[in-house]
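I opened the model and went through it element by element. My notes follow.

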Amino acid sequence: MIQINHLHKQYKGLNAVKDLSLTLEAGDIFGFIGPNGAGKTTTIKMLATLLKPTSGTAFIDGIDVIEQPEAVRGRIGYMPAFFGIYDDMRVWEYLDFFAGAYRLPKNNRPRVIDDVLNLTDLIGKKDNYVEELSTGMKQRLCLAKTLIHDPKVLLLDEPASGLDPRARIEIKELFKELKAMGKTIIISSHILPELADFCNKVGIIERGEMLVSGDVSDIMAQVSGGRTLEIKLMGDDDRAVSLLEGADGVLAARQVNGHLQVDFSGDLEAQADLNKMLIQSGLRVLSFSEQETDLEDIFMKVTKGLVQ
Amino acid sequence: MGIFSNNPVLEREMRGRLRLRRRGAGKSFFWVAIILTAVIFYFYARGLAGLFGGPRQDAREFWPLLSYGLLVIIVLLAPALTATAITTEREQQTWDTLTSTRLTGSEILLGKWLARQTIPAVLIFLACPYLVGCVIRGQMDPLLLPATLAFLVITSLFYGALGLLCSYQAKRTVAATATALTCMAFFCLGTSLIASVVMILNGPRDPAVLWLNPFYALSALQNLLNHSYQMEQNTSIVWFYFLVVPTLTAAMLLFMLRRYRQAVRG
Ligand SMILES: Nc1ncnc2c1ncn2[C@@H]1O[C@H](COP(=O)(O)OP(=O)(O)OP(=O)(O)O)[C@@H](O)[C@H]1O
Ligand SMILES: [Mg+2]
């Protein structure tokens with residue numbers, strides 16, 4: 001659905017995006033993660049046909065973003081990180097304006113407007129003036145505008161910034177609904193947990209370079225170089241460490257406040273054997289578990305080296 | 001879909017121009033507005049009646065007052081109205097949202113340009129009965145009416161395009177408005193200043209730089225149709241103005257459309 005090949009953007013001497021390539025299938029939810037100034041907005045704007053790449057190509061739904069921007073615009077919904085809303089209009093007038101801007105037939109518009117207002121839970125505000133909405137409602141209205149022409153691809157630049165925790169959860173629910181509708185979504189953020197539960201792919205970008213990208217599970221394996229096991233024993237920790245260090249697949253073992261942490265590169269078979277070995281050696285195992293590696297850890301690991 | 005029909009930008013901007021009050025203003029405001037309109041209409045009608053019923057000389061003297069008055073308002077209003085068109089969208093961060101839709105550059109730019117001519121157009125329209133009255137009562141050349149109207153319209157479109165260009169190029173509304181009004185002042189006052197310097201140095205003949213001055217051109221047009229002096233030169237000035245000003249207008253608009261396409265590739 002989205003294909004980016006060696007995309008490059010230069011601003012007067014500054015390389016904002018360097019050699020970025022990415023392929024997304026229909027229905028993918030791609031979390032685009034990076035610190036401030038990494039190049040997320042620049043990349044998204046190039047996909048939204050608002051910025052011309054210095055070099056490289058990008059295709060959305062098979063259409064060249066640079067050669068046929070008009071055709072691409074009908075297929076994408078773009079929500080900028082910072083946006084204003086014409087506040088001298090009522091909510092439905094605002095949506096009607098964009099329905100016209102996307103060339104929706106006039107007799108269809110009332111139905112479509114009601115649909116997107118229902119989806120974004122703003123139907124009760126239909127006749128209010130836009131300036132009477134709260135920040136969270138404006139965010140949802142902007143999303144409603146982004147959905148008005150039923151685009152296949154959504155480009156959402158930090159859609160949850162400026163929202164309170166409750167509104168964040170609400171907007172996350174909305175993304176899950178969009179995911180269920182089969183949209184392909186690129187969503188940028190610097191806050192990782194925000195993306196973790198509904199992205200199936202992530203990419204981490206820093207200083208214009210995509211450091212890693214791919215399936216969430218693959219990246220976890222790739223970055224952590226295996227798993228971390230947490231083992232709790234009834235005493236005998238020192239003996240256990242020396243035993244573990246000699247075992248297959250164990251990269252390192254250490255004692256961490258009352259339990260053992262083992263960096264492990266073996267498969268599940270090997271992991272089970274490791275547990276068996278401990279018990280057979282007479283050690284009393286209280287618990288044996290795999291530590292959850294979340295996106296946050298990956299992010300810290302990947303970006304750490306380069307930030308300093 | 002086109003620039004005129006079903007153009008959401010044009011519709012939105014027109015509505016914005018014509019909507020006198022939005023909300024918040026209560027019933028009292030509504031009544032004040034009605035009474036005010038009635039009073040204005042009364043004086044408007046009385047003035048018109050006075051013009052038709054009054055002496056011929058009054059009508060003749062009123063004509064320049066009205067036509068130059070309209071010109072002053074237009075050269076001030078037209079650029080000021082369009083100079084805010086694009087910079088406010090940039091400042092309110094609505095420009096990206098607008099340009100990422102399927103609207104074309106001409107729909108956006110020409111839509112804004114034309115919609116923001118609404119107020120000058122309404123003023124010209126309201127002045128029309130008076131202009132007609134002056135021509136009929138003052139027994140002036142009937143050609144004076146369409147010629148002056150055409151003159152005002154192309155002037156308004158020109159200064160509108162000038163303001164829009166400033167708005168397109170500038171980052172801030174303040175800068176755009178200041179630049180637009182400075183350019184306007186150059187055409188309306190600067191040209192006269194340059195001309196007087198040139199005349200001091202080179203003798204009494206009017207230098208060509210004055211031909212771009214709308215007030216000078218309007219006086220040439222009216223002198224021509226009143227059959228007063230310097231017929232040949234006035235003819236050239238009028239031709240020059242009617243050819244060069246629309247050409248410059250078109251050039252500015254084309255320049256913007258080209259820039260827009262290069263930037264956004266729409
Ligand atoms: N119009 C511009 N002119 C010059 N440099 C720019 C411009 N826009 C962005 N940059 C630079 O490009 C780099 C990438 O910026 P970008 O806005 O894409 O980052 P980002 O990942 O979206 O950051 P943030 O998380 O802060 O939004 C930055 O170094 C920025 O200074
Ligand atoms: Mg950004």
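**Domains of chain A**

I looked up the two domains of chain A and found their C-alpha centres 45 Å apart. Domain 1 covers 2-220, and domain 2 covers 226-291. I keep in mind that this is a predicted model.

**Sheet 2-1-4-5, chain A**

I traced an open sheet of four strands in chain A. Its order is 2-1-4-5, and the pairing is antiparallel. Which strands are at the edges? I found strand 2 (14-24) and strand 5 (63-64) of chain A there, each pairing on one side only.

Next I checked how strand 5 of chain A is held. Strand 4 (residues 55-60) of chain A pairs with strand 5 of chain A over two bridges, in the antiparallel sense. I looked for the bridge partner of A:I60 and found A:I63, in strand 5 of chain A.

Helix 1 (residues 40-47) of chain A does, and touches strand 1 (2-11), strand 2 and strand 4 of chain A. The direction of helix 1 of chain A makes about 120° with that of strand 1 of chain A.

**Sheet 12-13-11-14, chain A**

I found another open sheet in chain A, with four strands in the order 12-13-11-14. Here too I noted antiparallel pairing. Strand 12 (250-256) and strand 14 (285-290) of chain A stand at the edges. Each has a single partner strand, so one side of each is left without a neighbour in the sheet. Direction ignored, neighbouring strands of this sheet are turned by 20° against each other on average.

I followed strand 12 of chain A to its partner. Six bridges join strand 12 to strand 13 (residues 259-264) of chain A, and the two run antiparallel. Which residue stands opposite A:V250? I found A:F264, in strand 13 of chain A.

Helix 9 (residues 237-246) of chain A lies across strand 11 (227-233), strand 12 and strand 13 of chain A. Helix 9 of chain A runs at about 170° to strand 12 of chain A. Helix 10 of chain A packs on the sheet and touches strand 11, strand 12, strand 13 and strand 14 of chain A. Its direction makes about 165° with that of strand 14 of chain A.

**A:Q271**

I picked A:Q271, which lies in helix 10 (residues 268-280) of chain A. Is A:Q271 buried or exposed? I read a relative accessible area of 11%; under the 20% cut-off, A:Q271 therefore counts as buried. Leaving out residues up to four places away in sequence, I listed its contacts as A:R227, A:L229, A:F264, A:F288 and A:E290.

**Chain B overall**

I turned to chain B and counted 11 helices and zero strands. Its C-alpha trace spans about 55 × 55 × 30 Å along the principal axes. Of its 266 residues, 43% are buried. I also checked how far apart in sequence the contacts are. Among contacts in chain B with a separation of 6 or more, 80% come from residues 24 or more positions apart.

**Helices 8 and 9, chain B**

I took helix 8 (residues 144-169) and helix 9 (residues 173-202) of chain B as a pair. Their axes come within 8 Å and cross at roughly 145°. I noted the crossing of helix 8 and helix 9 of chain B as right-handed. On the helix 8 side of chain B, the residues that meet helix 9 include B:F158, B:L162 and B:C166. On the helix 9 side of chain B, they include B:A180, B:C183 and B:F187.

**B:Q222**

I looked up B:Q222 and found it in helix 10 (residues 214-225) of chain B. At 5% relative accessibility, B:Q222 counts as buried. Not counting residues up to four places away in sequence, B:Q222 touches B:W63, B:S67, B:Y68, B:L144 and B:T148. I also checked B:R46, 176 residues from B:Q222 along the chain; the two C-alpha atoms are separated by 27 Å.

**Cysteines**

Definitions and conventions:
Residues are numbered from 1 along each chain as its sequence is written. Chains are lettered from A and ligands numbered from 1 in the order in which they are written. This is a predicted model: local features need pLDDT of at least 70, side-chain atom pairs count only at pLDDT 80 or more; totals for chains, interfaces and linings use all residues. Side-chain values use heavy atoms; hydrogens and water are left out. Two strands pair if DSSP finds at least two bridges between them. Contact means heavy atoms within 4.5 Å. Axes are lines fitted to C-alpha atoms, for helices over the stretch in contact, and angles run from 0 to 180 degrees between N-to-C directions. Domain bounds come from an automatic or database domain assignment. Buried means under 20% relative accessible area, exposed over 50%, partly exposed in between (1.4 Å probe, protein chains only). A crossing is left-handed if the near helix is turned anticlockwise from the far one by less than a right angle, and right-handed if clockwise.
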